[in-house]
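Hi everyone, thanks for coming along. Please bring up the sequence and the model on your screens, and I'll walk you through what I found.

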There are 2 protein chains.
Amino acid sequence: MLKLKAQFMDFEPGIPIVKLNVEDATDLGLRPHDRIEVTYKKTTKTAYIETTSTMIRLGHIGLRKESRRYGIKEGTVIRIRPARRPESLDIIKKKLDDIELKKEEIDKLIRDIDQNRLTDIELGALVAAIYVHGFSERETINTTKAMVKHGEQMAWDKKCIVDKHSIGGVPGNRTTPIVVAIVAAAGLTIPKTSSRAITSPAGTADTMEVFCDVSFNIRQIKHIVNKTNACLIWGGSLDIAPVDDKLLRAEYPLSLDPEGQVIASVLSKKKSAGSKYVLIDIPLGDGAKVSKIEKARNLAKRFKLVGRKLDMHVECAITKGDGPIGRGIGPVLEAIDIVEILEGKGPKDLREKSIELAALMLKMTGHGDEEKARRILDSGRALKKFNEIIVAQNGDPKKDFQKMLGRYKESICADTSGTIEQISNTAISKIARLAGAPKDKGAGVYLYFKKGQKVNRGEKLFDVYAERKHKLKNALDMVNCCRVYIIGPKENMLIEEI
Amino acid sequence: MLKLKAQFMDFEPGIPIVKLNVEDATDLGLRPHDRIEVTYKKTTKTAYIETTSTMIRLGHIGLRKESRRYGIKEGTVIRIRPARRPESLDIIKKKLDDIELKKEEIDKLIRDIDQNRLTDIELGALVAAIYVHGFSERETINTTKAMVKHGEQMAWDKKCIVDKHSIGGVPGNRTTPIVVAIVAAAGLTIPKTSSRAITSPAGTADTMEVFCDVSFNIRQIKHIVNKTNACLIWGGSLDIAPVDDKLLRAEYPLSLDPEGQVIASVLSKKKSAGSKYVLIDIPLGDGAKVSKIEKARNLAKRFKLVGRKLDMHVECAITKGDGPIGRGIGPVLEAIDIVEILEGKGPKDLREKSIELAALMLKMTGHGDEEKARRILDSGRALKKFNEIIVAQNGDPKKDFQKMLGRYKESICADTSGTIEQISNTAISKIARLAGAPKDKGAGVYLYFKKGQKVNRGEKLFDVYAERKHKLKNALDMVNCCRVYIIGPKENMLIEEI
């Protein structure tokens, strides 16, 4: 244990780093990038060290100015000690050796992740171990419960708290705002938290931000939900299952999303949000996250089982996911689709999918059927509800979205006539991202043709929108080097000639 | 691409970090801890960024002074760009899926590690994948070759370039300086690079530092070896198989040392040092790295095979490793053992093991046998050679080591009479480290009794030395809470009474 005086420095490392004089570090047997426990009053955090012989005086510790929020001032005495070896390391090793983890072990692991006690190397090894050996049912259930415990939980006075989640991988597919509007209009309560895009051109939170604010604290959310039966907010501003976010960060670079981890991730967030009924949308198809029907069915089965163990009624919908859904891809373009559908127009696939999902939620709670969902949408009641939610979230329902589109635009036309055989999910996502989505709200792709439709040479297939010229160029370069639309011969019945 | 001027700063982060002004970072769309490619002339390295608005001026990049070795000066123009997704990610994913990696894939992987293009999360997943699925013979060979390629290589005019390596895990065991002295005196060339301790109370480099300097560049090493046939230096100051060090860092927290990786690690260093004949010491026993004879034999077989593919003659010695070897544990205490043995005295186990290892090296090169090794040691020729090496490395052979011992000392006595059944490698290592070794050169443990010897109650078992009072206390606390010596009944022939 060493006592050091706080010395504020202006740096933003992105990971917890403090700076020590090299002599103080050496005294504790510490080398650069070793970890220490930093204690002030009763708060202890783990941080990496960076050493220097001139920038920090002997007996001092370099901290970010942000540490003032703990009441630390220039010269405040801070205690440090070398970080103890986290117990989790043996648990990770066990998982690497394919030994099923016990409840207590999972609890310790999740606690250590929550307290930042694991390094990135250790987190990388952990997600690799889960990827290789999978999670058993029991491990998945215990992980979900532990993740719920280490985070805030919402409780509601109302009865029918419902929620939905899409496994993702399909561009467009912005059913959530429409489904939320329908089921809330039908009297269900749906406090919906969504994510921002990580690898896709827009997450529901990115799209909702076009309409209104999406960052609220729990008190504000309660207020919005009590008023409108729903909310459509960004989950990242809440401390709901924060361990899940830390695991997602480690899974992201190698796209490791083992089934058990996906289930724990989704259901821990739903449980923390106080949901009783959850609908999982599993898009199926080439380019979607799940491409084989057996895998989709198995995933659905596991979701339902784990849900049951957590006292949630979970239903799953395996849906068509072999191409983009809706016409717009990118925040503003998706917002345009949503408003059109709520106004009784808009792309048919997105409209029908939204109605079907809403219907399943009405059915599972005994509140109606597809007919009812369709009636709520067609009567304008869903639009009314949606506008209520927007207003409650400080938005203006009368925005002109056309004006918000990127000013740089290029149309791509068919270079042959025929039937659209395939639209590549991956290519569309890449193009929209290169064009600037989701950061540039007005950037993205707008599709004129869908799978199965006939197109004539020279007809517009899709538009690319960008807010910056060089981003449009990057997106168009991508258009030229990958097959976005696959157009087959006009009559496409012959498979093979022998 | 952004051009920035170098601004040197005094910091040692332990991982590659450069500092940017927050405005320059934002211009490139970068956030703290994002990675950038830093290019100067034809060299590109990847580094994490830390941002600041005051410590780095706009248009500048904060670099460590060590970057001078690339010819960079204050104000030199450096180009940076956001790091691209490394190709290796797909290769790591493949290994996670248990697909054997091809030569080209291993080459890319090692190149990306060399250029710091992988994050810690990615490295953690990689070592986990290698741990779970192992390395095939072909993968081990290709990894070794690739690691040699990405680093400096030494070449020698002399013929018989020999080397040795111990798999480790046994405290004391400081055979290297003695073996080097014997075989160099016999006319073999042995440019020995060693490591510092990572988890043990002393590495060979830490112990040699008691005698002389251990950090030299390649030109200086050539000079020392040409003059004395040998050197005993720290490998860490050289750029020999640097990828290996990066992998070791990722393996260390979870003690993942998959066999294939251990072989590639050791042999890439030996090959880079220009060795033709290599002796591997595999200590066997409880508490050593290898505890089962079958595993030791299999490891030996693989070492020899991979060595052959790299044009090296590799022999392996499986040696007794179920307890500390020599009396001293800690840099100065080990130095004392070494000098005593070279003077014809000293602990018998360390003496005999050194002679046997030296003999194996003489035999494999056709330069003699055990008789010859013993003669060289007993005649004082080894001592003469050792002193030559020390002088060539700027040392003084007439140092008084007793004066260098820690001034705080405590003796631990037997609390019962009997035969020493076991001395715990792990406990001895922990005690010596807590006492201050290897940083405090004079700290450590000195053993009076070895396994199999009889001891009477009250006789001194071992001394603990420390340079600082509180460290002695920490070490003694550990003595009290773990079983260092296991003393059995005087006559210990009865195993069980039925």
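Let me start with a definition: a residue is called buried if 20 or more other C-beta atoms lie within 10 Å of its own, exposed if 12 or fewer do, and partly exposed in between, with the C-beta atoms placed from the backbone. By that count, 52% of the 498 residues of chain A are buried.

Two housekeeping points. This is a predicted model, in which local features need pLDDT of at least 70 and side-chain atom pairs count only at pLDDT 80 or more, while totals for chains, interfaces and linings use all residues. Residues are numbered from 1 along each chain as its sequence is written, and chains are lettered from A and ligands numbered from 1 in the order in which they are written.

Now, the fold. Chain A has 17 helices and 18 strands; these are DSSP runs, H or I of at least four residues for helices and E of at least two for strands, numbered from the N terminus. With a radius of gyration of 25 Å, close to the 23 Å that the globule rule gives for 498 residues, chain A is as compact as a globular protein of that length. That radius is taken over C-alpha atoms, and the rule is 2.2 Å times the number of residues to the power 0.38. The C-alpha trace of chain A spans about 80 × 55 × 50 Å along its principal axes.

On to the interface. Here 36 residues of chain B are in contact with 37 residues of chain A, where contact means C-beta atoms, placed from the backbone, within 7 Å. Which element of chain B gives the largest share of its side? That is helix 4 of chain B, with eleven residues. The side of chain B that touches chain A divides into 20 nonpolar, eight polar and eight charged residues. In that tally Ala, Val, Leu, Ile, Met, Phe, Trp, Tyr, Cys and Pro count as nonpolar, Asp, Glu, Lys and Arg as charged, and the others, Gly among them, as polar.

Next, a stop at B:L101, in the loop between helix 2 and helix 3 (103-114) of chain B. B:L101 is buried, with 22 other C-beta atoms within 10 Å. Leaving aside neighbours within four places in sequence, its contacts include B:I91, B:I106 and B:E139.

Most residues other than glycine have a negative phi, and most peptide bonds are trans. B:N116, in the loop between helix 3 and helix 4 of chain B, has a positive phi near 60°, and B:N116 is buried, with 20 other C-beta atoms within 10 Å. B:A241 also has a positive phi, about 45°, and is buried with 31 other C-beta atoms within 10 Å. A cis peptide bond joins A:A437 and A:P438, with omega about 5°, and the bond from B:A437 to B:P438 is cis too, with omega near 5°.

How values were computed:
Two residues are in contact if their C-beta atoms, placed from the backbone, lie within 7 Å.
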